[in-house]
Amino acid sequence: MKVLMLHGVNHNMFGKRDAKQYGTITLDEINANLQAAGKELGAAVDCYQTNHEGAMCERIHQAYFDKVDAVLINAGAWTHYSYAIRDALAVLTCPIVEVHMSNIHAREEFRHKSVFAEIVQGQICGFGAESYVLALRAGVSAAKAA
């Protein structure tokens, strides 16, 4: 089983930005945790991060051609306004799980809306770095059920 983890804008700064919201874990540590959990679940997890919206769309397009079994996405701020990423995700035929470390519904008003909500299998947020492992479990489960 192939799972793609997509990290969005500013996620390369995890461990350096707003510890109250995101803790002190780094992106490399998050990815290592996901890959270890993936092994336990029988899934190879490929992790990708970019600060460029077009590059994110191109990686999503590649996921379609690679026939990944599930996609996990934490698009960061793009979650709330990127119709380009939303439209790229809509091309996928596999389960998509939206994930956030913070509870986006308990933060600023602009973070309450996800433009991806209508096309994702579900949304996991508010559990810190553990949100990623929960999303992986959900994505693997949904892919097996598909």
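**View 1. A salt bridge joins the side chains of E118 and R86, with N and O 3.5 Å apart.** A salt bridge is a side-chain nitrogen of Lys or Arg within 4 Å of a carboxyl oxygen of Asp or Glu. Because E118 belongs to the loop between β4 and β5 (122-125) and R86 to helix α4, the pair ties together parts 32 residues apart in sequence. Helices (H or I, at least four residues) and strands (E, at least two) are DSSP runs, numbered from the N terminus. E118 is exposed at 73% relative accessibility, whereas R86 is buried at 18%. Buried means under 20% relative accessible area, exposed over 50%, and partly exposed in between (1.4 Å probe, protein chains only). R86 also meets D87 in a salt bridge (3.8 Å, N to O). The model is predicted: local features need pLDDT of at least 70 and side-chain atom pairs pLDDT 80 or more, while totals for chains, interfaces and linings use all residues. Residues are numbered from 1 along each chain as its sequence is written, and side-chain values use heavy atoms, without hydrogens and water.

**View 2. D46 and R59 form a salt bridge, their closest N and O atoms lying 2.7 Å apart.** The pair links distant parts of the chain, with D46 in strand β2 and R59 in helix α3 (residues 53-66), 13 residues apart. D46 is partly exposed at 38% relative accessible area, and R59 is buried at 15%. The count of salt bridges comes to four.

**View 3. The largest nonpolar core contains 23 residues.** A nonpolar core is a set of buried Ala, Val, Leu, Ile, Met, Phe, Trp, Tyr and Cys residues joined through side-chain atoms within 4.5 Å. V3, M5, L34, L72, Y132 and L136 have the most contacts inside this core. Elements that each supply at least two of its residues include β1 (2-7), α2 (27-41) and α5 (130-145); α5 gives the most, six.

View 4. A disulfide is a pair of cysteine sulfur atoms within 2.5 Å. The sulfur of C57 is 15 Å from the closest cysteine sulfur, in C94, and is therefore too far for a bond. C57 is buried, at 10% relative accessibility. For C125, the nearest cysteine sulfur, that of C47, is 20 Å away; C125 is buried, at 16% relative accessible area.
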